[in-house]
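Subject: Structure handover

Hello,

Here is the structure for you to look at. My notes on it follow below.

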Amino acid sequence: MKGLMLKEFYMAWKYCWLFLVITLVFLGMAMLPSSENLFLLVYPSALACFIPVTLLSYDSQSKWDVYFETLPTSRAQYVSAKYLIGLIYGEFVLGLTALTQLLAMKLNAEGDLNQLCSLLCAIQFLAISPPALCLPLIFKWGVEKGRIVFLVMIGVVCGGSAVLALNVNDGGIFSLPGNLSVWLLLGAIVLYALSWRLSIRLYRTREL
């Protein structure tokens with residue numbers, strides 16, 4: 001499992017380094033006093049959580065998803081490595097989002113810590129939900145057949161951030177009901193865990 005994770009980190013660094021640049025640009029724009037575009041905060045986390053889909057695509061192109069079966073690793077470990085790498089990078093970017101928004105609050109002398117926590121819960125839900133929904137389908141049918149689902153899920157991220165921004169209170173994008181934020185966070189955790197288990201189950205029965 002350790003070897004699989006190292007391989008995922010190397011692949012992510014080689015092929016997904018541009019995601020970090022995009023993340024820094026978007027989070028920098030979100031720090032501007034006039035910026036209340038929730039998409040600027042959601043999209044970086046969504047990109048990070050979609051890294052497993054990108055890595056699965058490269059595995060398929062190089063036939064590594066077939067080669068790894070000759071190694072002393074199981075299909076469950078292969079799936080788990082993808083979910084873990086998405087979770088690690090997703091939480092890393094969420095941490096960057098929190099730090100940049102705390103800095104923006106200090107520089108702009110506005111905002112509330114409780115509201116920021118609520119917003120981070122919403123971002124977590126919007127970022128995790130799309131990959132959690134499409135990864136089981138990709139593990140079942142492959143990257144090519146799952147590409148349409150992947151594109152639809154990108155649309156869900158865009159639409160979800162817009163809908164959430166329209167339904168917050170008058171306090172701006174930081175103002176979310178406390179109960180809603182808690183349910184969003186719990187929903188994200190449960191959905192990701194169920195998706196993880198389902199992907200393992202589906203991938204075990206797939207013919208490569």
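How many aromatic pairs does a search of the whole structure find? The search finds 12, where rings of Phe, Tyr and Trp (its six-membered ring) pair if their centres lie within 6.5 Å.

This is a predicted model, in which local features need pLDDT of at least 70, side-chain atom pairs count only at pLDDT 80 or more, and totals for chains, interfaces and linings use all residues. Residues are numbered from 1 along each chain as its sequence is written, and side-chain values use heavy atoms, with hydrogens and water left out.

One of the pairs is Tyr78 with Tyr203, which is stacked, at 5.6 Å centre to centre and 25° between the planes (planes under 30 degrees apart count as stacked, over 60 as edge-to-face and the rest as tilted). Tyr78 lies in helix α6 (residues 75–108) and Tyr203 in helix α9 (residues 178–204), so this pair ties together parts that are 125 residues apart in sequence. Helices here are DSSP runs (H or I, at least four residues), numbered from the N terminus.

Tyr83 and Tyr192 form an edge-to-face pair, with 5.2 Å centre to centre and 65° between the planes. Tyr83 is in helix α6 and Tyr192 in helix α9, so parts 109 residues apart in sequence are tied together by the pair. Tyr83 is buried, at 0% relative accessible area, and Tyr192 counts as buried at 5%.

Ring pairs also link a cluster, among its members Trp64, Tyr67, Phe139 and Trp196.

Regards

Technical notes:
Helix = DSSP H or I, 4+ residues; strand = E, 2+ residues; numbered from the N terminus. Buried < 20%, exposed > 50% of the residue type's maximum accessible area, 1.4 Å probe, protein only.
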